[in-house]
Amino acid sequence: MKQKTWPDRSDGVRFSAFPLSKPNDNEENIILSRRSKIGSKPSLSPTDGPDFSALPFDILTKIAASFNFPNLLAASLVCRSWRDALRPLREAMMLLRYGKRFKHGRGGVRRNLDKALDSFLKGAARGSTLAMVDAGLIYWERGLKEEAIALYQKAAALGDPAGQCNLGISYLHAQPQNHKEAVKWLHQASIGGYTRAQYQLALCLHQGLGVHRNLYEAAKWYLKAAEGGYVRAMYNASLCYSSGVGLSQSRRQARKWMRRAADRGHSKAQFEHGLALFSEGEMMKAVVYLELATRSGETAATHVKNVILQQLSATSRERALLLADNWRALPSSR
């Protein structure tokens, strides 16, 4: 699928959800019981340290609402009152795990979105923002946008960055659109380091959606998202450096980010990086990137690639295409 070279009003990213750790079904009880038996220590007196059990349960559950399983388990081991208070969230983690199995057809079960949604909703009812986000994703895909937004709002209010990001994107695509609310929640997730939100916020700043158009701020957020591993932001950061829009013009930085995007599967970046290699006389490398771009649907790359192939020996042509066949994208946050 083609990526757009520069943002337009329809540009955006897919909604996102946090990945779930994969504990065994009985892992929670086993670990908790082992920890309680091994290395037991006498209770601390009030002067020895803070009394964690004094934290109200409602505040504790709000703080832990967006925890993944390892963090939730660690919090449950702080003291007995925390263990009891966080039991519903630990149950939500199990439901979230089952829901992901049904959603993706893993763990020996067939794909079943109805069962996945049911598990996610049960996890959401127990207070897990991760489950709220996943349930919202299914509602959105089914066209039930109001239900999705309601779940994203709950997750966002509890500080879940994926919920904040998805809520912001929802406001960009809902009818009627609400650009100011979109920017508000995208900014909230962005300052928390969520790369998808940073990229979306940069698009809003670039286009002037819900905020005054500011190319310098847009470039700043493109670069932050790029540094966090977001491929589309890498490509846009390269364009900013190349044109001097929002960032000091730098051919070296432009080439660096273009190559990083290309190595992570961005088809337009592969095309443009291939052209740059061709202009420098790096024929073999140019063919590899142009072939990758062609396979991803960049038709303009085909002509340039064929011109170069005519200049290579049969052995070099075979080697270049073999390199393309064996190419694998570097990991990214997409």
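**A pair of packed helices**

Modeller: In this predicted model, helix α7, residues 129–141, packs against helix α9, residues 161–173, at an angle of about 20°, and their axes lie 10 Å apart. Because angles under 35 degrees count as roughly parallel, α7 is described as roughly parallel to α9. The crossing of these two helices, α7 and α9, is left-handed. On the α7 side, the contact is made by Val-133, Leu-137 and Trp-140. On the α9 side, Ala-162, Gly-163, Asn-166, Ser-170 and His-173 take part. Sorted by class, the contact of α7 with α9 has four nonpolar residues, four polar residues and no charged ones. In general, the angle between the axes and the distance between the axes describe two packed helices.

Helix α9 also has a part in covering another helix. The elements that cover the buried residues of α10 include α9, together with α8 (145–157), α11 (195–207) and α12 (215–227). The buried residues of α10 are Ala-182, Val-183, Trp-185, Leu-186, Ala-189 and Ser-190. Helix α10 itself comprises 13 residues, 179–191. From its first C-alpha to its last, α10 reaches 18 Å, close to the 18 Å expected at 1.5 Å a residue. After α10 comes Gly-193, which has a positive phi, near 90°.

Methods
Residues are numbered from 1 along each chain as its sequence is written. This is a predicted model: local features need pLDDT of at least 70, side-chain atom pairs count only at pLDDT 80 or more; totals for chains, interfaces and linings use all residues. Side-chain values use heavy atoms; hydrogens and water are left out. Axes are lines fitted to C-alpha atoms, for helices over the stretch in contact, and angles run from 0 to 180 degrees between N-to-C directions. Helices (H or I, at least four residues) and strands (E, at least two) are DSSP runs, numbered from the N terminus. Angles under 35 degrees count as roughly parallel, over 145 as roughly antiparallel, 65 to 115 as roughly perpendicular and the rest as oblique. A crossing is left-handed if the near helix is turned anticlockwise from the far one by less than a right angle, and right-handed if clockwise. Contact means heavy atoms within 4.5 Å. Ala, Val, Leu, Ile, Met, Phe, Trp, Tyr, Cys and Pro count as nonpolar, Asp, Glu, Lys and Arg as charged, and the others, Gly among them, as polar. The expected span of a helix is 1.5 Å times one less than its number of residues. Buried means under 20% relative accessible area, exposed over 50%, partly exposed in between (1.4 Å probe, protein chains only).
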